[in-house]
Amino acid sequence: MSLASRQVVEMLRAAGEPTRFRILALLAREELAVAELTRVLDQSQPRVSRHLKLLIAAGLVERFPDGAWVFYRLATHGAQRAFIDEMLALIDEADGGDAGIARDAACLEAVRAERSKAAADYFAQNAARWDHLRSLYVSEADVEAAILAAVGPGPFHRLIDLGTGAGRMLSLLGPLAQSALGLDLSQQMLNIARRATADAGLGHCELRHGDVFATQLPTGCADLVVVHQVLHYLADPAAAVAEAARLVAPGGRLVIVDFAPHGLEFLREAHQHRRLGLADAEMDRWLTTAGLGAVEPVSLPPVGDAGLTVKIWTAPRQTAGQRSAA
């Protein structure tokens, strides 16, 4: 039997068990920690871990540690991912779908709802002192100077700030743009951002309730898109990067600001961080998949012994002329 044939057999064996198939269907929705999988599947952690080990061995699932947590996601590319997508598509096409898969999806939605409520409560409680919370770990002056350097002098026709929070990026970059839009799910944050942009005399800045995963904005509608300290709160940062990249017009750029990987576990409970930083390799993969060209990231080291390094990733979208020249 050839190597390719053996790989196919291993994939079939791994995916052919009911619980492992359920795991694949759940991970197709988002990356999950083992504790979340055990809750949805209603099985013990050792049992779920054994199933995950077999899926990893078959190349269908990837395991990646994040501080004290471990997350699992589907294979990101290759024959394994094509196999999973085709298998799940067959279930979706079946008359009525699969009742068990549907129940798992509903249970996952309940987990997501609890997660979202906890985050919303946190943002509501901390909205008034949001900028102060951010300044606890790094020098905001240094970060903002680096962001201005990454963004460039402008002017920009359209600026979009996804997860605008208290509106600091609008206040910083708004003067460089003819029009600007900030989206956020927290009404408390939006109210503070409205006051901040009004105080700064930025009447051309619009604040709108919106979801970073589904902005409902036209493709290529902005020449500058900013995602500032948002991704580490999200269960699916890759999807948010893809949506942000979709908004970037030819010749425009996406600027992402977040933390490098770190081990400050208390940020999960105290500050609702989902991920403890983001690695350059995965960011580069997300940006490349989204059709953007990544620039070497800027690193801003921690202040004192805080242990948090801020990273700035800049990703331009080439024009048709630039692509032809390349």
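The following legends describe an overall view and several close-up views of a predicted model.

**Figure 1. Overall composition of the predicted protein model.** The secondary structure of the protein consists of 14 helices and 10 strands. The protein has 326 residues, of which 48% count as buried. Among contacts with a separation of 6 or more, 67% are made by residues 24 or more positions apart.

**Figure 2. The aromatic cluster of F64, W69 and F71.** Ring pairs join F64, W69 and F71 into a cluster. The count comes to two aromatic pairs, taking ring centres within 6.5 Å as the criterion. In one of them, the ring centres of F64 and F71 are 5.7 Å apart and the ring planes lie at 25 degrees, so this pair is stacked; planes under 30 degrees apart count as stacked. The rings of W69 and F71 have their centres 5.8 Å apart and their planes at 45 degrees, and this pair is therefore tilted.

Figure 3. F64 and F71 are both buried, and F71 has a relative accessible area of 0%. W69, by contrast, is partly exposed, with a relative accessible area of 31%. R73 is positioned over the face of F64, at 4.1 Å from the ring centre. F64 thus takes part in a stacked pair with F71 and also has R73 over its ring face.

**Figure 4. The crossing of helices α3 and α4.** Helix α3 comprises residues 34-41 and helix α4 comprises residues 45-57; their axes come within 9 Å and cross at roughly 110 degrees. This angle makes α3 roughly perpendicular to α4, because angles of 65 to 115 degrees count as roughly perpendicular. On the α3 side, the contact is formed by V34, L37, T38 and L41, which meet Q45, V48, S49 and L52 in α4. Classified by residue type, the contact of α3 with α4 contains five nonpolar and three polar residues, with no charged residues.

Figure 5. W286 is located in helix α13, which spans residues 280-289. The relative accessible area of W286 is 9%, so W286 is buried, the cut-off for buried being under 20%. Leaving aside residues up to four places away in sequence, W286 touches P237, A238, V241, R275 and L278. One of these contacts is with A238: W286 and A238 are 48 residues apart in sequence, and their C-alpha atoms are 5.9 Å apart in space.

Conventions: Residues are numbered from 1 along each chain as its sequence is written. This is a predicted model: local features need pLDDT of at least 70, side-chain atom pairs count only at pLDDT 80 or more; totals for chains, interfaces and linings use all residues. Side-chain values use heavy atoms; hydrogens and water are left out. Rings of Phe, Tyr and Trp (its six-membered ring) pair if their centres lie within 6.5 Å; planes under 30 degrees apart count as stacked, over 60 as edge-to-face and the rest as tilted. Buried means under 20% relative accessible area, exposed over 50%, partly exposed in between (1.4 Å probe, protein chains only). A charge sits over a ring if NZ of Lys or CZ of Arg is within 6 Å of the ring centre and within 35 degrees of the ring normal. Axes are lines fitted to C-alpha atoms, for helices over the stretch in contact, and angles run from 0 to 180 degrees between N-to-C directions. Helices (H or I, at least four residues) and strands (E, at least two) are DSSP runs, numbered from the N terminus. Angles under 35 degrees count as roughly parallel, over 145 as roughly antiparallel, 65 to 115 as roughly perpendicular and the rest as oblique. Contact means heavy atoms within 4.5 Å. Ala, Val, Leu, Ile, Met, Phe, Trp, Tyr, Cys and Pro count as nonpolar, Asp, Glu, Lys and Arg as charged, and the others, Gly among them, as polar.
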